[in-house]
Protein chains: 2
Amino acid sequence: MNVHGKPTRTIWLHPENPAIVQIIDQRALPHAWVIEDLLTAEQVATAILEMHVRGAGLIGATAGFGMYLAAREAARSDNSAASIHAAGQRLKSTRPTAVNLAWAVDRQESAMASASSPGELVSIALSTALEIAEEDAASCRSIGGHGLALIAELSRSKGGAPVQILTHCNAGWLAFVDYGSATAPIYAAHDQGIPLHVWVDETRPRSQGAKLTAWELGQHGVPHTVIADNTGGHLMQHGLVDLVIVGTDRTTRTGDVANKIGTYLKALAAHDNGIPFYVALPSSSFDWKMRDGLKEIPIEERGSEEVKYADGMADGRHLEVLVAPADSPAANFGFDVTPARLVTGLITERGICSATEPGITALFPDKA
Amino acid sequence: MNVHGKPTRTIWLHPENPAIVQIIDQRALPHAWVIEDLLTAEQVATAILEMHVRGAGLIGATAGFGMYLAAREAARSDNSAASIHAAGQRLKSTRPTAVNLAWAVDRQESAMASASSPGELVSIALSTALEIAEEDAASCRSIGGHGLALIAELSRSKGGAPVQILTHCNAGWLAFVDYGSATAPIYAAHDQGIPLHVWVDETRPRSQGAKLTAWELGQHGVPHTVIADNTGGHLMQHGLVDLVIVGTDRTTRTGDVANKIGTYLKALAAHDNGIPFYVALPSSSFDWKMRDGLKEIPIEERGSEEVKYADGMADGRHLEVLVAPADSPAANFGFDVTPARLVTGLITERGICSATEPGITALFPDKA
C-alpha cells in the first residue's frame with residue numbers, strides 16, 4: 001500500500017545493506033513515522049515482544065527475518081546449529097499464542113538444516129525469509145481479489161453510490177506484509193475506482209482502529225470515518241452500513257471466529273439488520289483441530305492499565321492519561337468469539353466459503 | 001449516596017447561606033472533588049450549558065434552583081416578571097433537548113405567578129426548587145425499591161453468590177438528585193447486604209461510565225470493574241452477567257428506548273444469551289407522543305473531537321490526548337434506540353412493566 005504516496009511494505013531488507021532488516025515502529029503511529037533498523041535476532045525478538053510490529057502475518061514474516069539475522073550471526077561463530085536453535089526459541093517465546101511465529105521459525109530451521117556451508121546457511125535463510133514475506137503478501141492479495149467481487153456487486157446494486165463498509169480493529173496492511181486481510185478487498189475495490197467509505201471502529205482499549213486502520217486507509221487515500229465502538233449498531237439500524245469485514249486471530253474448522261474483543265457485538269448488529277458480515281483470513285489462521293470456538297479458544301486477559309488509561313499526543317508529546325478512578329479495578333479481555341451462525345462467509349486466499357465445516361473443507365479438501 | 005463516607009446529594013443549598021446553591025463540578029470527576037457555588041441564574045445557565053452538571057433529573061433540579069436565584073435577583077429589582085421570564089428562557093436555551101429542564105422552568109413560573117410580594121416570590125421559588133429536587137430523589141428511591149426485588153430474586157437463585165450486573169453510561173446518582181435510575185436498584189440491594197458486582201462500560205467517547213459511574217459506585221463501596229465497551233458480549237457469552245440495567249434519555253409509549261450510544265449492542269447481546277435487560281426510568285422520561293423510537297426520536301450528533309481525543313490525568317494535569325490521525329474524520333452520534341422487543345422490562349417509580357404500550361399504560365392509566 002502507499003505511504004506518503006509511495007508503495008511500501010511493513011518489513012523489508014535495507015536497500016543498501018542486506019545485513020539490516022527494516023520495520024515500521026508501529027507504536028509511534030499515527031503520530032509519527034518511525035523506521036527502525038534491526039541488526040540482530042535479539043533486536044527482532046524485542047521488536048515482536050514490545051509490539052513495534054504486531055499482527056499475525058507480520059509477526060510471522062518478522063520472525064522469518066529474525067532467523068535470517070540469527071543465521072548471519074551463527075555463520076560468524078563456531079556453533080551454528082545451537083545458536084540458531086536458541087534464537088528460534090527466543091523468538092517463539094515473545095508472543096506464545098501467535099501461530100505464525102512458531103511456524104516461521106520452524107520453517108527456517110528445517111530449511112537451514114540442509115546448508116553445507118556458512119555461506120549457504122545465510123543464503124538459504126535469506127531466501128526463506130523473503131519467501132515467507134512474499135507468500136504472506138500474495139495470500140492477502142488473493143483475499144483482496146475474492147472480496148473485491150462482493151464490494152463490486154454491492155456497488156452495482158447501489159447504482160455506484162459509495163459502498164459503506166464497517167471494520168473493527170486492524171486487520172490491515174500493518175498486520176501483514178502488504179494489503180491486509182479485512183482491508184485487502186477494500187484496497188482492491190478502491191484501486192479499481194469503486195466508490196466506497198469505511199467506518200473505522202476505534203477499538204478500545206488499545207485503539208488499533210483509530211491509530212492504525214484510520215492511518216493506513218488515509219495514507220492510501222481511502223475515504224473513512226473513525227467512530228466509537230458503541231456506534232456501529234446505530235449506523236446499521238439507519239442503513240449506513242452495507243457490509244462488515246473483519247479479520248480473525250483464529251477460526252475453527254466449524255467457522256467460529258475469534259477476533260478482537262467487540263467483534264461479536266458487531267456481528268449481532270449485522271445479523272439483526274440483515275447486513276452481510278464477512279471474515280477475511282489467510283488459511284494459516286484456521287485452527288483445524290477446534291470445533292467449538294466458545295469452549296475451546298483461549299481468550300487472552302491483558303493488563304487493566306490498558307482500560308484505565310488512554311494514550312495519544314498532547315503538547316507534542318506521546319502521553320498516557322488516566323481516564324477511570326485510580327482505585328477502580330478494570331478487566332481487559334483481548335478477544336471474543338463470534339459464533340459461525342452470525343458469519344455470512346469467510347474470504348480466504350482460495351475463495352469465499354460459508355462459515356461451516358462443509359464450506360471450509362470444500363475449499364481446503366486436504367483438511368477434510 | 002455516600003461521598004467520602006457521608007450522605008451527599010448532587011445539588012443543595014449552602015448550609016449557612018441560602019443565597020448560594022452548591023453543586024459538584026462533575027467535569028473534574030473522578031480525579032478531583034470540586035464543589036461550586038452558584039449565586040446567579042446566569043451562573044446556573046453556564047453550569048448546565050458547560051456540563052458542570054448533566055443528567056435528566058439533575059438538570060431539571062438545577063434549573064429549578066436557577067429560577068429560585070432568578071427570583072432573588074428579581075425581588076431586588078423593579079421588573080420581576082420580565083426578568084424571571086428572561087432567566088427562564090436563558091435556562092431553557094442551554095440544553096434544548098432536555099425535557100426536564102423546560103418542565104422545571106415552567107413549573108417555577110406558574111408557581112411564582114401567584115406571589116403577591118417580593119418576599120413571597122422568593123419563598124415560593126425556594127419551596128418549589130426544593131420540591132422538584134425532593135420529587136426527583138423520591139422517584140429514584142421508588143425505582144430502587146422496585147428494582148431491588150429483581151436483584152434479590154437473582155441472588156436467591158444463585159444461592160447468595162454475587163449478582164453480576166452490567167450497566168452502560170451514567171444513569172447514576174450523579175445524573176439525578178440522589179440514587180440514580182439504573183443505579184437505584186443496585187444501591188438498594190447493596191445497602192440491604194445482597195452481594196453484587198457491577199460491570200461498568202467505559203462508554204466512549206465521553207467515558208461517563210469510567211469517569212462517573214465507577215467513581216460513584218466506588219464512593220458508596222459497591223464492588224465494580226471498569227470494562228471497554230467492546231467487552232459486554234464476551235462476558236455474557238461466558239455467564240458472567242446475570243442482569244443488565246441501563247437508563248434512558250427518552251422512551252416511547254411503545255417501549256422503544258433511546259439511551260447512550262452502544263446500549264442497543266448490549267441489548268442484542270443480552271437477548272442472544274437469554275439475560276434479562278431492564279431499563280430504569282422516572283416516568284418523566286416517557287415521551288407519550290411517540291410510537292416508533294427508531295423513526296421518531298432525533299439523535300444528537302456531537303463534535304468529532306470527542307472521538308478523536310481522550311481526556312484524563314497525566315503528570316498531575318487534566319489533559320486531552322489525540323488518539324486518531326489528526327486528519328481523519330470522525331463521527332459522534334450521542335444516542336441509539338433499543339427496540340422494545342429487546343427490553344425485558346421497564347423499572348419505573350410506580351413498579352415494573354413490560355416494554356409494551358399495554359404494559360406501560362397499565363401503570364400509567366392517565367396516559368392510555
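How many residues does the contact take from chain A and from chain B? The contact, meaning heavy atoms within 4.5 Å, takes 62 residues from chain A and 62 residues from chain B.

## Basis of the model

This is a predicted model, in which local features need pLDDT of at least 70 and side-chain atom pairs count only at pLDDT 80 or more, while totals for chains, interfaces and linings use all residues. Residues are numbered from 1 along each chain as its sequence is written, chains are lettered from A in the order in which they are written, and side-chain values use heavy atoms, with hydrogens and water left out.

## The interface

Between them, chain A and chain B bury about 4800 Å² (accessible area, 1.4 Å probe, lost on being put together and summed over both), and 61% of this lies on carbon and sulfur atoms. On the side of chain A, N230(A), L265(A) and V323(A) lose the most area to chain B, together 15% of what that side buries.

The two chains are also joined by 6 salt bridges (a side-chain nitrogen of Lys or Arg within 4 Å of a carboxyl oxygen of Asp or Glu). E202(B) forms a salt bridge with R204(A), where the closest N and O atoms are 2.5 Å apart.

Definitions and conventions. Buried area = accessible area lost by both parts, 1.4 Å probe.
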